[in-house]
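The exercises below are to be worked with the sequence and the coordinates at hand. Each task is followed by a solution in steps.

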Amino acid sequence: MPNIKKSTGKRGPRKRKLAEEFPPGEVFTDLLKKKWKLGPVIGKGGFGCLYLADVNSSESVTSDAPYVIKVEPSDNGPLFTELSFYMRAAKPEPIKKWISSHKLKYLGVPKYWGSGLHQKNGKSYRFMVMDRLGKDLQKIFEEQGKQFSRKTVLQLGLRILNVLEYIHEHEYVHGDIKASNLLLGHEIPNQVYLVDYGLAFRYSPEGNHKDYKENPKRCHDGTLEFTSIDAHKGVAPSRRGDLEILGYCMICWLSGSLPWEDNLQNPDYVKLSKIRYTDNISEFMLKCFTKEDKPDEIARYMEKVMALSYTEKPPYQELREIFLQGLQNIGHKDDGILDFEVSLNGDIPAKPKTKRKLVAASGTATADEDNAEIAVDGVKNAKKRKPASPRSADSPQPIHHSRLQPEATSNSSSSSSSNSSSHLQQ
């Protein structure tokens, strides 16, 4: 995995203490006195480290460990922000009850297993234990020529709607849905999980929805090509914004690009383009698809979403029915199978392909030089929201907060993961 490129035109984050690495076998005790043993470091960044982990025992933590632990100095802050979401909404029991009451096979919200403070050498470290997950969809999207099948896109939409309904009912919105924040299950690759809640926003604390208020200082928050029109105007994230972002993602996954990607250096152009195209969904569809390939169900979805008011509860089931009808129209059903080839550990089998060279300041690198990444929920360090940086033509995610880097990575530059999330993947 290459070094992360610095984005331009932004203030850098304030300096924080660098991560200190703990040896394998170190035992952490969480708030409920449960003990966890660290395995090897599988991700590292300026804010913290990510470790394989398991319940404490006399055995060493093996490569098939089901958990990971994120550790950072306790006064750094990003993990504290993410913990707020996990402790309120991602404990195993509420997720289990939701799955049962809504008759779901699973819910793509990673589970929170514990957290606490660890003291060593007079220093304090915050930690959180989370599910281990697999490969992110952005990597797969690029390896598949930046296009998913209509069946896969509709099934992704159904699974993500389930997640959004759950987190919305628990008073949070995500605000940054995109392929790099969607991870396959570590053992079941047809499951997909929405991650990176370090920037999740509590839109309705104690049931009181935030008021619509434009704030010029917060304009263009999120990932520029996908973020909502509200976010472009500096309005706090809402449920309709999450659904709008999902719509842009689905259109991109189907068509390979979005109409405003030709000028991501100009956030106001992106905002005005989104307003123009969402005011005329038919024009939007014709811009992205041929008449023969136009996905009518996506157009219907966008019409419904763009008609929602800021505080209105979305009709989640109606939206799911639109996607289910779309599957039926193309001769499929919701079988839960994502039709890209993956093995159980989340890796796509190696296929012969032409190397695409990218010229960097210090030389060249090929797009298929990336080795296995590290994937897990919650490894992205959260901080105060800042305007997104536009991405280059080959780099799908702007850096809007620091991310952990996998150990023993390549020094090459590659389009497929230069700004992608750091996640655990074996």
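Two strands count as paired if DSSP finds at least two bridges between them. Strands (E, at least two residues) and helices (H or I, at least four) are DSSP runs, numbered from the N terminus. The model is predicted, so local features need pLDDT of at least 70 and side-chain atom pairs count only at pLDDT 80 or more, while totals for chains, interfaces and linings use all residues. Residues are numbered from 1 along each chain as its sequence is written, and side-chain values use heavy atoms, with hydrogens and water left out.

**Exercise 1. The sheet of six strands**

Task: Give the strand order of the open sheet of six strands and state how its strands pair.

Solution. 
Step 1. The order is E1-E2-E3-E4-E6-E5, and the pairing is antiparallel.
Step 2. Strand E1 (27–29) and strand E5 (112–120) are the edge strands, each pairing on one side only.
Step 3. On average, neighbouring strands of this sheet are turned by 35° against each other, direction ignored. For such angles, axes are lines fitted to C-alpha atoms, for helices over the stretch in contact, and the angles between N-to-C directions run from 0 to 180 degrees.

**Exercise 2. Strand E3 and its two partners**

Task: Determine how many bridges join E2 to E3 and how many join E3 to E4, and name bridge partners.

Solution. 
Step 1. Strand E2 (residues 35–44) pairs with strand E3 (residues 49–55) over six bridges, in the antiparallel sense.
Step 2. Val41 has Tyr51 in E3 as its bridge partner, and Lys37 has Asp54 in E3.
Step 3. E3 and E4 run antiparallel and are joined by five bridges. Here Cys49 has Val71 in E4 as its bridge partner.
Step 4. Five of the seven residues of E3 are buried, which leaves the strand mostly covered. Buried means under 20% relative accessible area, exposed over 50%, and partly exposed in between (1.4 Å probe, protein chains only).

**Exercise 3. An annotated lysine**

Task: Is Lys70 buried or exposed?

Solution. 
Step 1. Lys70 belongs to strand E4 (residues 67–73).
Step 2. Its relative accessible area is 0%, so Lys70 is buried.
Step 3. In the UniProt record, an unreviewed entry, the annotation "binding site" covers Lys70. UniProt positions are given in the numbering used here, feature names are shortened, and annotations may be inferred rather than shown by experiment.

**Exercise 4. Salt bridges**

Solution. 
Step 1. The count is 15 salt bridges, a salt bridge being a side-chain nitrogen of Lys or Arg within 4 Å of a carboxyl oxygen of Asp or Glu.
Step 2. In the pair of Glu297 and Arg150, the closest N and O atoms are 2.8 Å apart.
Step 3. Glu297 is buried at a relative accessible area of 3%, whereas Arg150 is partly exposed at 23%.
Step 4. Lys151 forms a salt bridge with Asp335, with 3.0 Å between the closest N and O atoms. This pair links Lys151 in helix H4 to Asp335 in the loop between helix H10 (316–329) and strand E12 (357–360), 184 residues apart.
Step 5. Lys151 is buried at 8% relative accessible area, and Asp335 is partly exposed at 32%.
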